[in-house]
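Please walk through this protein from one contact to the next, with the sequence and the structure open side by side.

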Amino acid sequence: MSKWTVTPETDRIECEFDGEGFWIEVKRTLTTGESMRLRSSGFRGYAKANTADVEAGRVTEEDVDMEVDINWDALVFAKVHTYLTGWSLADGDDPLPCTMKTLNALVPGVFKVIEDAIDKHIDERQKKLSSGKPKPVKT
């Protein structure tokens, strides 16, 4: 175990949908690479809005706002897929593969339960980590 790198650890979270229980396993902590990819997963691009107005001389360059184009669906699916390592979802005796394809095919309510459980897990981990922040060292 290194204090400099993320040790792969998971937490099991009990969930319920429509009266039926199931569990999911989620990463306790993401690596830097996973965090960076997740932050940019929904980003499509950015551009200055109203550039035609600038070109026509109706407004100045400073009056033009930036528009950021984000694919919120892609961001949500990336978050769930990045954190999720396994689950007990099955059709009879056949376990469902824990893949992006399966996530896209889930009943919306089941996906919402999983997303909410992951969001709660993330919030709890952030609170725990922020309470133990190191104090700056005076030099």
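A salt bridge here is a side-chain nitrogen of Lys or Arg within 4 Å of a carboxyl oxygen of Asp or Glu. The model is a predicted one, and by this rule the count comes to eight salt bridges. One of them joins the side chains of Glu 25 and Arg 12, with N and O 3.0 Å apart. The pair links distant parts of the chain, since Glu 25 is in strand 2 and Arg 12 in strand 1, 13 residues apart. Glu 25 is partly exposed, at a relative accessible area of 22%. Arg 12 is also partly exposed, at 47%.

The chain has five helices and seven strands, which follow the pattern β-β-α-β-α-β-α-β-β-β-α-α along the sequence. Of its 139 residues, 25% count as buried. Among contacts between residues at least 6 apart in sequence, 53% join residues at least 24 apart. The chain exposes about 10300 Å², and carbon and sulfur atoms supply 52% of that area.

The buried residues of helix 5 are Val 110, Phe 111, Ile 114, Glu 115, Ala 117, Ile 118, His 121, Ile 122 and Arg 125. An α-helix has 3.6 residues a turn, so residues three or four places apart point the same way. What covers the buried residues of helix 5 includes strand 1 (10-17), strand 2 (20-27), helix 3 (72-83), strand 5 (84-87) and helix 4 (100-105).

Helix 3 is among those covering elements. Its twelve residues reach 17 Å from the first C-alpha to the last, close to the 16 Å expected at 1.5 Å a residue. Phe 77, Ala 78, Lys 79, Val 80, Thr 82 and Tyr 83 are the buried residues of helix 3. They pack against strand 2, helix 1 (32-40), strand 5, helix 4 and helix 5.

Which side chains link helix 3 to helix 5? The structure holds one aromatic pair. The ring centres of Phe 77 and Phe 111 are 4.8 Å apart and the planes stand at 40 degrees, so the pair is tilted. Phe 77 lies in helix 3 and Phe 111 in helix 5, so the pair ties together parts that are 34 residues apart in sequence. Both Phe 77 and Phe 111 are buried.

Asp 119 is partly exposed, with a relative accessible area of 25%. Lys 79, at 14% relative accessibility, counts as buried.

Tyr 83 belongs to helix 3 and is buried, with a relative accessible area of 10%. Leaving aside neighbours within four places in sequence, Tyr 83 is in contact with Glu 25, Val 26, Lys 27, Leu 30, Leu 38, Ile 118, His 121 and Ile 122. The C-alpha atoms of Tyr 83 and Ile 122 are separated by 9.2 Å, although the two residues are 39 apart along the chain.

With neighbours within four places in sequence left aside, His 121 is in contact with Asp 11, Ile 13, Val 26, Lys 27, Arg 28 and Tyr 83.

Lys 112 pairs with Asp 116, the closest N and O atoms being 2.9 Å apart. Being four residues apart in helix 5, Lys 112 and Asp 116 are separated by about one helical turn. Lys 112, at 44% relative accessibility, counts as partly exposed, and Asp 116, at 35%, also counts as partly exposed. Elsewhere, salt bridges that share partners join Glu 9, Asp 11 and Arg 28 into one network.

Phe 43, Tyr 46, Met 66 and Val 68 make a nonpolar surface patch of about 450 Å². Strand 3 (43-48) and strand 4 (66-70) are the elements that give two or more residues to this patch. Tyr 46 is found in strand 3 and counts as exposed, at 57% relative accessibility.

Methods:
Residues numbered from 1 in each chain as written. Predicted model: local features only at pLDDT ≥ 70, side-chain atom pairs only at ≥ 80, totals over all residues. Heavy atoms only, no water. Patch = residues over 30% accessible without salt bridge, like charges linked within 9 Å, V, L, I, M, F, W, Y side chains within 5 Å. Areas by Shrake-Rupley, 256 points an atom, 1.4 Å probe, with all protein chains shown as cover. Buried < 20%, exposed > 50% of the residue type's maximum accessible area, 1.4 Å probe, protein only. Contact = heavy atoms within 4.5 Å. Phe/Tyr/Trp six-rings, centres within 6.5 Å; stacked < 30°, edge-to-face > 60°. Expected span 1.5 Å × (residues − 1).
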